[in-house]
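The plan is to look things up bit by bit and jot down what turns up.

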Amino acid sequence: MATVIISYAAAKLLETQFTSQPSVFDKPLSALSGFELTWYYFGYSKWYGNAIAVAQLISALLLFFRKTARIGVILFLTFIVNILLMDFAFDIQGAKGMATVLTLMAVFVLLSDYKAFYAFFIDSAPLFTDADRPNWFNKVSKIKFIYIPLAAIGIVTLLAVLKNKYLAKDELYGAWEHEITKERLYFEAARHFQSKLPCSVKNATDGSYRVSADSLLFYPSKENDDLGKDSLIYYSGKFSINGNELKIIQHNKTEIFKRIR
């Protein structure tokens, strides 16, 4: 385990891992494979990759010695389980087998010494016992049995409300492409829109949109607002959606977009 993980740490430090080929940078995000996406993401920050490598080296050194093997295997499991999940979730071919073997080996080492781990984490007295604290504190601490469920319910409720208010998806949500000009129009969360010209990664314009009855109104962002506050730009007019086709009628001119995702 220690020897293998040292090789992975060295690969990160020597930049033979998390390096993307030049062609990857010119591919659309949706065209990247799980391997390309993962390697680009982790390679975006050099120091983050080095931090992972250092953690792997430390765990390997701890595993080499019997007295520190317990600390080493806990540290080892903190990242090897994540690596295992990532390899399967992002379909990293060629890495799944080794990650599985290393995880099973680490679990075997952990379970082989389970009595010591159980004694330390479960049987050992907590940092502070009831006898170490004032009686009033012990009584007040029982409020946790009310606080914990209320906090859980409150957090879930708050997130649900925020999701419905700011991240709700309407019938326009998605990416649409003009059938003639191939310009792309993106309707996103929080009533935000973007448009991109063909063969361009920069926005032609962006801002917010609003639906009023069967009318669709587009407003610029502050950065693009050269016409004054609340000035209407881009498109405004009647709209209708029929399956994967969006029609916007403005000044008797019909613009047709096809949904691409």
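My entries below go through helix packing, a salt bridge and some strands.

**Ground rules.** I'm working with a predicted model, where local features need pLDDT of at least 70, side-chain atom pairs count only at pLDDT 80 or more, and totals for chains, interfaces and linings use all residues. Residues are numbered from 1 along each chain as its sequence is written, and side-chain values use heavy atoms, with hydrogens and water left out.

**Helix 3 and helix 4.** I took helices as DSSP runs of H or I with at least four residues, and strands as E runs with at least two, numbered from the N terminus. Helix 3 covers residues 46-63, and its axis lies 8 Å from that of helix 4 at an angle of about 140 degrees. (Axes are lines fitted to C-alpha atoms, for helices over the stretch in contact, and angles run from 0 to 180 degrees between N-to-C directions.) I noted the crossing of this pair as left-handed; that term means the near helix is turned anticlockwise from the far one by less than a right angle. Looking for contacts (heavy atoms within 4.5 Å), I found Leu 62 and Leu 63 of helix 3 among the residues involved, with Phe 76 and Phe 79 among those of helix 4.

**Helix 4 and helix 5.** Next I checked helix 5, residues 96-112, which packs on helix 4 at about 150 degrees with the axes 9 Å apart. That makes the two helices roughly antiparallel, the label for angles over 145 degrees, while under 35 is roughly parallel, 65 to 115 roughly perpendicular and the rest oblique. This crossing is left-handed too. From helix 4, I listed Ile 80 and Leu 84 among the contact residues, and from helix 5, Ala 99 and Leu 102 among them.

**Helix 4 and helix 6.** Helix 4 (residues 69-89) and helix 6 (residues 114-123) have axes that come within 12 Å and cross at roughly 80 degrees. That makes helix 4 roughly perpendicular to helix 6. Here Arg 70, Val 73 and Ile 74 meet Ala 116, Phe 117 and Phe 121.

**Salt bridges.** How many salt bridges does a search of the whole structure find? I got nine, counting a side-chain nitrogen of Lys or Arg within 4 Å of a carboxyl oxygen of Asp or Glu. One I looked up joins Lys 46 to Glu 15, with the closest N and O atoms 3.0 Å apart. Strand 7 (residues 245-250) and strand 8 pair in the antiparallel sense over six bridges; two strands pair if DSSP finds at least two bridges between them. Lys 247 stands opposite Ile 256 of strand 8. The hairpin of these strands has two residues between them, and His 251 takes a positive phi near 55 degrees there. I also found strand 1 (residues 174-178) paired with strand 8 (residues 253-259), antiparallel over three bridges. His 178 has Phe 257 as its bridge partner in strand 8.
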